[in-house]
Amino acid sequence: MKNIVLTGFMGSGKTTIGRLIAEKLKIDLVDTDSEIIKEFGLTIDQIFEIHGEKKFRECEKRVIERVSKLENVVISTGGGVVLDPENVRLLRKNGVIYFLYASPESILKRLKDDNTRPLLKNGDKLSNIIRLMNLRMPFYKNCDFEINTDILSPDLVAEKIISIHMAKESWK
């Protein structure tokens, strides 16, 4: 089975939904942000603060190169992974890319008490979310399937992805 690759903005539900899919299909979940944290031994926030976004993205690229070679896993990616076309190319080689969309207002509601997101720390959170989403949206749209997480529970989103994925796998 091809990998299930989840992309989307921070707070769109990638990790939560990835965990549900992995549990239901009895396969492993690989969270690229968790892999980066392991490699650095620091939180994402600390990596940005100490090393900067450039070093973070370099490490993210190495992690993508490694996890894209895995088989039969769910891969939950960081929100900015799609900004590098090579990351998307590698993930697509052995995976189907699902873009989890959530509106800026939903993202704000989900992240309102989260102060660990380095790209949302300065200024108005909603303005930052809208600005970043607008910048990234063309990259997110380079997916195989788009699913709105505003209107469905994480469990229903997971079921929908599994249903789409299994149907796609049976077309081969």
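**Exercise 1.** Which residues does Thr-15 touch, not counting residues up to four places away in sequence?

*Solution.* Before we start: this is a predicted model, so local features need pLDDT of at least 70 and side-chain atom pairs count only at pLDDT 80 or more, while totals for chains, interfaces and linings use all residues. Residues are numbered from 1 along each chain as its sequence is written, and side-chain values use heavy atoms, with hydrogens and water left out.

Step 1: look for contacts, meaning heavy atoms within 4.5 Å. Thr-15 touches Leu-29, Asp-31 and Ser-76.

Step 2: zoom in on the side chains. Thr-15 and Asp-31 make a side-chain to side-chain polar contact at 2.8 Å. A polar contact is a pair of N or O atoms within 3.5 Å; within protein, one must be able to donate a hydrogen and the other to accept it, and residues adjacent in sequence count only if both atoms are side-chain atoms.

Step 3: Thr-15 sits in helix H1, residues 14–25. Helices (H or I, at least four residues) and strands (E, at least two) are DSSP runs, numbered from the N terminus.

**Exercise 2.** Find out which residues UniProt lists under "binding site", then decide whether Ser-12 is buried or exposed.

*Solution.* Step 1: check the record. The unreviewed UniProt entry lists Gly-11, Ser-12, Gly-13, Lys-14, Thr-15, Thr-16 and Arg-117. Its positions follow the numbering used here, feature names are shortened, and annotations may be inferred rather than shown by experiment.

Step 1: apply the cut-offs: buried is under 20% relative accessible area, exposed over 50%, partly exposed in between (1.4 Å probe, protein chains only). Ser-12 has a relative accessible area of 1%, so Ser-12 is buried. Thr-15, at 29%, is therefore partly exposed.

Step 2: Leaving aside neighbours within four places in sequence, Ser-12 has contacts including Leu-100, Ile-107 and Thr-149. A polar atom of the Ser-12 side chain lies 2.8 Å from the backbone oxygen of Phe-9.

**Exercise 3.** Describe how H5 and H6 pack.

*Solution.* Step 1: get the geometry. H5 (residues 104–111) and H6 (residues 125–140) pack at about 130°, with axes 10 Å apart. Axes are lines fitted to C-alpha atoms, for helices over the stretch in contact, and angles run from 0 to 180 degrees between N-to-C directions.

Step 1: classify. Angles under 35 degrees count as roughly parallel, over 145 as roughly antiparallel, 65 to 115 as roughly perpendicular and the rest as oblique. H5 and H6 are therefore oblique to each other.
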